[in-house]
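Welcome! Here is a short briefing to read alongside the sequence and the structure.

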Amino acid sequence: MDPLDRLEATILARRGADPAGSYTASLFAKGRPKIAQKLGEEAVETVIAAMAQPDKLVSEAADLVFHLIVLLADAGLGLDDVRAELSRRDGVSGHDEKAARPAS
Ligand SMILES: N=c1c2ncn([C@@H]3O[C@H](COP(=O)(O)OP(=O)(O)OP(=O)(O)O)[C@@H](O)[C@H]3O)c2ncn1[C@@H]1O[C@H](COP(=O)(O)O)[C@@H](O)[C@H]1O
């Protein structure tokens, strides 16, 4: 199994688990605002690594992806939804960004 799919399965299994025994379960227990805040922090840390500490970029990117999957899971979404969106965009002729996005 792809490591990202395995991580997602583990994250989904932590929903409703004891927060005392799992960082992921504690994030779910704190709710979406906290999960979103952590995702934002990890995004900033990833940007800082890219600009000033490139040796830490992969580690920070992994933290970022972990928190993104937790946020998606909390919203009832997952990596397959992101894959489907990326595939949909890739299928749009000319990769026109405006055409690739749903009308708002
Ligand atoms: N991939 C990750 C992962 N990436 C990052 N983190 C955690 O994310 C946190 C982010 O770092 P911070 O320094 O900001 O965290 P912190 O200071 O502890 O948190 P706050 O008090 O600020 O909220 C750290 O505690 C990291 O351990 C992760 N925690 C868990 N996983 C994986 O998630 C799965 C479930 O793990 P458990 O939740 O431990 O069961 C396992 O496969 C783990 O490998």
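Among contacts in the protein chain between residues at least 6 apart in sequence, 45% join residues at least 24 apart; two residues are in contact if their C-beta atoms, placed from the backbone, lie within 7 Å. This is a predicted model, in which local features need pLDDT of at least 70, side-chain atom pairs count only at pLDDT 80 or more, and totals for chains, interfaces and linings use all residues. Residues are numbered from 1 along each chain as its sequence is written.

**Overall fold**
- The protein chain has six helices and zero strands (DSSP runs numbered from the N terminus: helices are H or I, at least four residues, and strands are E, at least two).
- Of its 104 residues, 14% count as buried, meaning that 20 or more other C-beta atoms lie within 10 Å of the residue's own; 12 or fewer is exposed, and in between is partly exposed, with C-beta atoms placed from the backbone.

**Around the ligand**
- The residues around the ligand are L7, T10, R14, S22, Y23, T24, K38, E41, D63 and F66; a residue belongs here if its C-beta atom, placed from the backbone, lies within 6 Å of the molecule.
- Two or more residues of this shell come from each of α1 (3-14), α2 (23-30), α3 (32-52) and α4 (57-74).
- With three residues, α1 gives the most to the shell.

**A look at L7**
- L7 sits in helix α1 and is partly exposed, because 18 other C-beta atoms lie within 10 Å.
- Not counting residues up to four places away in sequence, L7 touches F66 and I69.
- L7 and I69 are 62 residues apart in sequence and 8.5 Å apart in space, C-alpha to C-alpha.
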